[in-house]
Amino acid sequence: AEKQLSGPVTQYIANHYSDPSNQFHIGFWGSDTGSWRVSYSEHEYCQLLQGQVELEDEQGHKTLIQAGEHFVIPAGFSGIWHSLTPCKKVYVIFEPAKAD
């Protein structure tokens, strides 16, 4: 709720695989329209299957992504995720191990 900028946004996730180290994940994610703050500790490859989203970095640069396009969000990215229409994506996530 503290990350929500507009909405309320209903989100769903269907994780289909996680490796034994719990660092690698594959699945589906979707949402209604709305915007929220994001901060990625993981590397994420996505293919947008449905809808239209816009990623806005902390400097205000915006990238429009439409159904059928694929993109990578690198670990360390912070900004705003805007679901401009209801959307669905395939994700592949790699979460680097945390240093002890």
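**Close-up 1. Surroundings of His82.** His82 touches Gly34, Ser35, Gln52, Val53, Glu54 and Glu56, leaving aside residues up to four places away in sequence; contact means heavy atoms within 4.5 Å. This is a predicted model: local features need pLDDT of at least 70, side-chain atom pairs count only at pLDDT 80 or more, and totals for chains, interfaces and linings use all residues. Residues are numbered from 1 along each chain as its sequence is written, and side-chain values use heavy atoms, with hydrogens and water left out. His82 lies in strand 9 (residues 78-83); strands are DSSP E runs of at least two residues, numbered from the N terminus. His82 counts as buried because its relative accessibility is 13% (buried is under 20% relative accessible area, 1.4 Å probe, protein chains only).

**Close-up 2. The Trp36 and Trp81 pair.** Trp36 and Trp81 stack, 6.4 Å centre to centre, with 25 degrees between the planes. Rings of Phe, Tyr and Trp (its six-membered ring) pair if their centres lie within 6.5 Å; planes under 30 degrees apart count as stacked, over 60 as edge-to-face and the rest as tilted. Trp36 lies in strand 4 (residues 34-39) and Trp81 in strand 9, so the pair ties together parts 45 residues apart in sequence. Both Trp36 and Trp81 are buried.

**Close-up 3. Phe71 against Trp81.** The ring centres of Phe71 and Trp81 are 6.3 Å apart and the planes meet at 45 degrees, so the pair is tilted. Phe71 is in strand 8 and Trp81 in strand 9, so this pair links parts 10 residues apart in sequence. Trp29, Trp36, Phe71 and Trp81 form one aromatic cluster.

Key:
Helices (H or I, at least four residues) and strands (E, at least two) are DSSP runs, numbered from the N terminus. Buried means under 20% relative accessible area, exposed over 50%, partly exposed in between (1.4 Å probe, protein chains only).
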